[in-house]
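Take a look at the structure below.

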Amino acid sequence: MKYGFLLLVTFLVVSCSKENQYLNRLEGDWNIENLVRTEIHWDGTINVLSDETDAGEFSMVVSTLGDLTLDNLLDLTFSSVEHGQPFSAAVVIKVDEQAKRVIALGGDCIQCDLAYTIEENKPNRQVWSTFSADEANQLTYKLSFTLKRK
Amino acid sequence: MRSFTFSLLLGCLLLFCVVPISAQFTLGVGYEIDGFDAETGINNFVRTYNGYFGNNLDEPLREMGRFSMNGLFGSAGYRMTSPGFTLGGIVTYGNSRYTNTSQLAIGLGQEHALRFNDLNFLFSGGPVLGKFLFLEGVLNIGLRHSTMEVATLYPDGSRSLSYEYDINGVYTTFTPCYEVGGSVGIRLGRMLISARVTQALAIFDGDPELGNGTSLLDPDTNRFRSDEFPRDFGKWVNDTSNYDENNAVFSRELRGTRIALAVEFFFGKPFKD
């Protein structure tokens, strides 16, 4: 009885979750309108390392495994032109329950996932940022993508 | 308290079998203070966090009070009345929140935002005195979804939930709240203004499996360290392989006394006076 009740609640929560709504929103093709790399020094100094516009494209589709559709995962393909040569890379992403982070999965490797904080979430515009700390130099690197739906 | 409430509700149900009633649909809004046991869980984290950083904190985290969480709710329900008695069933949905920040001397800050989303099914009943004063016993079955968002704050205004620090995350848990209490209301025409106090019951607290409920957990991490929101921050920092499975805040600690002020508007056929 107790488990049936919990099952019902879980079903209700999952079926209308922010996670699913956000995954649906992400499906499709996006331009990387802006790609910014920043050094944030903890004393307050900000150093912009690079600021690229039209830095490539993201294409996101629902993941599959053989005949199975994995509704909670998306295959993200990044494509761009680097040094005159076309370049592409693929990664599987998921979204947390509250749709606050996009997580690029690192496969079987533990502690290899990369989380992007969703800084802006609109149907046609997304801003994602990820951070990495350099404690020895008391600074944090920030990589920020501004995406615009094609 | 519990037996009094059940007796009151049962008595009202029996009375409605033998006396004429009228029933009305209600819509309402209200303000709610969601008391919970901050001391053993969240405040233990706060004390150990402040203790761990010690003099390296410019601004420590503040300890939460038992009634720090508050917010608004909306309600819809159905109320039956007969001369001298009332019985109601309403559904409420609302949320309450509390944001806590700390600042390290090196320039980084941290934000801890606790939010309760509450879906409540309230059943109430009791006498109506002098045609306008409602005294009711209340039984509430509540579903509380709690979220603790921990973010690192940078001097440029950036707010990170990413993995550069393990404590960053979105921790969630679910708490069933079985509550009893009472309410006092004054009817003014088609409006009922009421104050309600309910207390969560410790129904499963003695159960070794269900006693603690579920932990406040960030399920979207992939690491050796525990993905639960720690009760003791210092222990958690040093426990890099998750040996201590009980160093977590549990859903049992996120419920308590609830105080609500509500306004309900009645639609449909007026009361029989």
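In this predicted model, A:Lys94 forms a salt bridge with B:Asp220, with the closest N and O atoms 3.2 Å apart. A:Lys94 sits in strand S5 of chain A, while B:Asp220 sits in the loop between strand S9 (191-200) and helix H3 (233-238) of chain B, so the pair joins two chains. Both A:Lys94 and B:Asp220 are buried. Side chains of opposite charge can pair when their charged atoms come close.

Now turn to the interface itself. Across the interface of chain B and chain A, the rule finds three salt bridges. Another one of them pairs A:Arg101 with B:Asp218, at 3.0 Å from N to O. On the side of chain B that touches chain A, the elements giving two or more residues are strand S6 (133-153), strand S7 (159-160) and strand S8 (169-188) of chain B. The residues on that side divide into 14 nonpolar, nine polar and ten charged.

How many residues of each chain take part? In chain B, 33 residues are in contact with 38 residues of chain A. The size of an interface is often given as the accessible area lost when the parts come together. Here the area buried between chain B and chain A is about 2,800 Å². Carbon and sulfur atoms give 58% of it. B:Tyr163, B:Asp220 and B:Asn222 supply 21% of the area that chain B buries against chain A, more than any other three residues.

Salt bridges also form within the chains. Over all chains, the count by this rule comes to 24. In chain B, the side chains of B:Arg144 and B:Asp34 meet at 3.4 Å, N to O. This pair links distant parts of the chain: B:Arg144 lies in strand S6 and B:Asp34 in strand S1 (residues 22-34), 110 residues apart. Both residues are buried. Salt bridges that share partners join B:Glu32, B:Asp34, B:Asp118, B:Arg144, B:Glu179 and B:Arg258 into one network. In chain A, A:Glu120 and A:Arg125 form a salt bridge at 2.9 Å, N to O. A:Arg125 is partly exposed, with a relative accessible area of 32%.

Finally, consider the backbone of chain A. A:His83 is not a glycine, yet has a positive phi of about 50 degrees. A:His83 lies in the loop between strand S4 (68-82) and strand S5 (85-95). Is A:His83 buried or exposed? A:His83 is exposed, with a relative accessible area of 82%. A:Ala99 also has a positive phi, about 55 degrees, without being a glycine. A:Ala99 is found in the loop between S5 and strand S6 (101-104) of chain A. A:Ala99 is buried, at 15% relative accessible area.

Note on methods. Residues are numbered from 1 along each chain as its sequence is written. Chains are lettered from A and ligands numbered from 1 in the order in which they are written. This is a predicted model: local features need pLDDT of at least 70, side-chain atom pairs count only at pLDDT 80 or more; totals for chains, interfaces and linings use all residues. Side-chain values use heavy atoms; hydrogens and water are left out. Contact means heavy atoms within 4.5 Å. Buried area is the accessible area (1.4 Å probe) that two parts lose on being put together, summed over both. A salt bridge is a side-chain nitrogen of Lys or Arg within 4 Å of a carboxyl oxygen of Asp or Glu. Helices (H or I, at least four residues) and strands (E, at least two) are DSSP runs, numbered from the N terminus. Ala, Val, Leu, Ile, Met, Phe, Trp, Tyr, Cys and Pro count as nonpolar, Asp, Glu, Lys and Arg as charged, and the others, Gly among them, as polar. Buried means under 20% relative accessible area, exposed over 50%, partly exposed in between (1.4 Å probe, protein chains only).
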